Amino acid sequence: MVVWTDFERATIADIFSKLDYEAVGGATLARCLIVYPWTQRYFANFGNLYNAAAIMGNPMIAKHGTTILHGLDRAVKNMDNIKSTYAELSVLHSEKLHVDPDNFKLLSDCLTIVVASQLGKAFTGDVQAAFQKFLAVVVSSLGKQYH
């Protein structure tokens, strides 16, 4: 079980209350697909992903990025029970979609970069540590290993 400090809880809630989900979600997923092109294989039905401009301008990528961020809301609201909160989603991604669990870590790294750029100087070392702890718990909850 993860132990959260009051600072960590408040910091995570504060970060998510400030996010523009549409902008951050789309930018995060687009960054992941551009920087780690092998992750594009999970989005073959999303149309043109041939270059960075096409990915950044793809409305399906933007929409799914927003969906991902809204999915993180579930963890923010259930910080004491993230693993069970994502149990069904974990099974979907591992058993039906066959998503490599390492890709969740790559996506969380991209999200950290986008959030840091949005928050600027407010994204201090302590804030980053809390945010990355939160994302690490989410990633471990989603990243169910293949059987």
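## Basis of the description

The model is predicted, so local features require pLDDT of at least 70 and side-chain atom pairs count only at pLDDT 80 or more, whereas totals for chains, interfaces and linings use all residues. Residues are numbered from 1 along each chain as its sequence is written, and side-chain values use heavy atoms, with hydrogens and water left out.

## Nonpolar cores

The largest nonpolar core comprises 28 residues. A nonpolar core is here a set of buried Ala, Val, Leu, Ile, Met, Phe, Trp, Tyr and Cys residues joined through side-chain atoms within 4.5 Å. Buried denotes under 20% relative accessible area, exposed over 50%, and partly exposed the range in between (1.4 Å probe, protein chains only). Within this core, Phe16, Val115, Phe131 and Phe134 touch the most other members. At least two residues each come from α1, α2 (21-35), α4 (59-77), α7 (102-119) and α8 (125-142). The helices are DSSP runs (H or I, at least four residues), numbered from the N terminus. The most is given by α8, with nine residues.

Leaving aside neighbours within four places in sequence, Val115 is in contact (heavy atoms within 4.5 Å) with Ile15, Leu19, Val24, Phe123 and Phe131.

## Salt bridges

The structure holds four salt bridges, each defined by a side-chain nitrogen of Lys or Arg within 4 Å of a carboxyl oxygen of Asp or Glu. One of them joins Asp80 to Arg9, with the closest N and O atoms 2.5 Å apart. Asp80 lies in the loop between α4 and α5 (82-85) and Arg9 in helix α1, so this pair ties together parts that are 71 residues apart in sequence. Asp80 is partly exposed, at 47% relative accessibility, and Arg9 is also partly exposed, at 29%.

Two further pairs lie within single helices. In helix α1, Lys18 and Asp14 are four residues apart, about one turn of the helix, and their closest N and O atoms are 3.0 Å apart. Lys18 is partly exposed at 46% relative accessibility, as is Asp14 at 35%. In helix α7, Lys105 and Asp109 are separated by about one helical turn because they are four residues apart; here the closest N and O atoms are 2.7 Å apart. Lys105 is partly exposed, with a relative accessible area of 41%, and Asp109 is partly exposed, with 24%.

## Two buried threonines

Thr11 is placed in helix α1 (residues 6-18) and is buried, its relative accessible area being 8%. Leaving aside neighbours within four places in sequence, Thr11 is in contact with Val127 and Ala130. Thr11 and Asp126 are 115 residues apart in sequence, and their C-alpha atoms are 9.2 Å apart in space.

Thr39 is found in the loop between α2 and α3 (52-56) and is buried, with a relative accessible area of 3%. A polar atom of the Thr39 side chain lies 2.7 Å from the backbone oxygen of Tyr36. Leaving aside neighbours within four places in sequence, Thr39 is in contact with Cys32, Leu33, Asn103 and Leu106.

Conventions. Polar contact = N/O pair within 3.5 Å; in protein donor to acceptor, adjacent residues only side chain to side chain.
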